Amino acid sequence: MELRDIHSFMEVANHNSFTKAAAHSYLTQPSLSKAIKKLEEELHVELFDRSTRHLRLTDAGRIVYQQGQKALVALSELDVLLDELKDITAGEIKIGIPPLIGTLFFPDIARRFNQKYPKISLELVELGAKLIGELVEDGLVDLGIVVMPTNEKKFNIYPFIQDEFVLYLHEDHPLAYKHSVSLNQLQDEKFILFSKDFALHDYVIRACEAKGFSPAISYQSSQWDLIVELVSSKLGIALLPKSIYEKQTNSNVKIVPIENSTLLWKLGIITKKGAYHSFALKELLKMQGKEIDIKE
């Protein structure tokens with residue numbers, strides 16, 4: 001059994017598609033098929049159910065996937081351990097981060113860290129906050145930045161940034177020039193939300209339900225700038241963190257504070273409890289002002 005065959009299998013499993021895996025890994029579809037066929041013959045099992053329209057892991061495939069994850073994580077730590085043994089401040093940190101948080105905060109993090117440790121690269125994995133926790137738990141990223149609260153039993157948690165939610169709406173909207181609005185005033189509005197993979201999706205819905213109504217959702221998107229563009233096109237309103245406003249460029253979009261609001265966007269940095277923390281990871285956490293005491 002060869003490591004590259006395991007890696008090929010993991011790529012296909014992650015993308016549920018030979019085509020997407022080939023594009024992502026720069027391998028050809030025939031080479032991926034050959035590697036997986038070889039693996040199946042060596043293990044005497046079928047790894048994928050090919051009888052349906054969409055590729056799915058078999059029971060055996062799920063076991064191989066889980067063990068493959070452990071093997072790849074262990075091997076990825078090998079270079080880090082040897083580099084630290086040789087006192088080389090080089091390496092890579094994989095950071096799981098939702099696109100919105102990445103846009104607002106990652107450039108500054110990367111710039112400051114690169115100034116101090118130019119030999120350490122930061123790799124960004126952008127997904128919804130719900131999925132980021134799974135990546136941290138599975139050891140596929142070293143740290144994640146997520147919307148709080150999160151699972152304290154699984155993760156080391158370091159508070160990061162806090163911001164307030166405000167109402168984004170077109171300048172022609174009747175509420176655009178109010179000093180503030182209450183959530184109750186929005187119950188007849190059409191809401192534009194983040195997609196369901198994003199923690200802000202559930203957050204906005206819960207906030208509205210707490211006021212006695214379910215928001216009417218007109219559009220959902222994984223991109224904050226598209227959400228603002230939809231607001232700019234008079235297709236709905238959005239509840240978003242205030243810090244986005246400085247990044248967006250639509251002059252006809254206005255923001256209005258939420259009256260007596262307890263809606264706060266609380267972000268936290270998370271790492272997996274009990275996992276190995278490299279020199280580079282510790283330094284990144286310290287740079288963010290998060291002095292840590294982790295038993296390894």
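Biologist: How far does helix α3 reach from its first C-alpha to its last?

Modeller: Helix α3, residues 29-43, has 15 residues (helices are DSSP runs of H or I of at least four residues, strands runs of E of at least two, numbered from the N terminus). This is a predicted model, in which local features need pLDDT of at least 70 and side-chain atom pairs pLDDT 80 or more, while totals for chains, interfaces and linings use all residues. Residues are numbered from 1 along each chain as its sequence is written, and side-chain values use heavy atoms, without hydrogens or water. At 1.5 Å a residue (times one less than the number of residues) the expected span is 21 Å, and the reach is close to that, at 21 Å.

Biologist: Within what arc do the buried residues of α3 fall?

Modeller: The buried residues of α3 are Leu32, Ala35, Ile36, Leu39 and Glu40 (buried is under 20% relative accessible area, exposed over 50%, partly exposed in between, with a 1.4 Å probe and protein chains only). Seen down the helix axis, they line one face of α3, because their directions (from the axis to the C-beta atoms) fall within an arc of 135°.

Biologist: Which residues on the other side of α3 are exposed?

Modeller: The cover over the buried residues of α3 includes α1, α2 and β1 (contact is heavy atoms within 4.5 Å). On the other side of α3, the exposed residues are Pro30, Lys34 and Glu41.

Biologist: Which element gives the most to the lining of the largest pocket?

Modeller: The largest pocket holds about 1600 Å³ of space (a pocket is an open set of points on a 1 Å grid over the protein atoms alone, where a 1.4 Å probe fits, with protein on both sides within 12 Å along at least five of seven lines; lining residues have an atom within 4 Å of a point; volume is the space filled by probe spheres on the points, joined across faces, edges and corners). Its lining has 43 residues, with Val73, Lys94, Gly139, Leu140 and Val141 nearest the centre. Twelve residues of the lining come from the element that gives the most, α4.

Biologist: How many residues of the second largest pocket's lining come from α6?

Modeller: The second largest pocket has a volume of about 290 Å³. Its lining has 17 residues, and those closest to the centre are Lys130, Val147, Pro149, Thr150 and Ala199. Elements that give two or more residues are α6, β5 and α7. The largest share comes from α6, with five residues.
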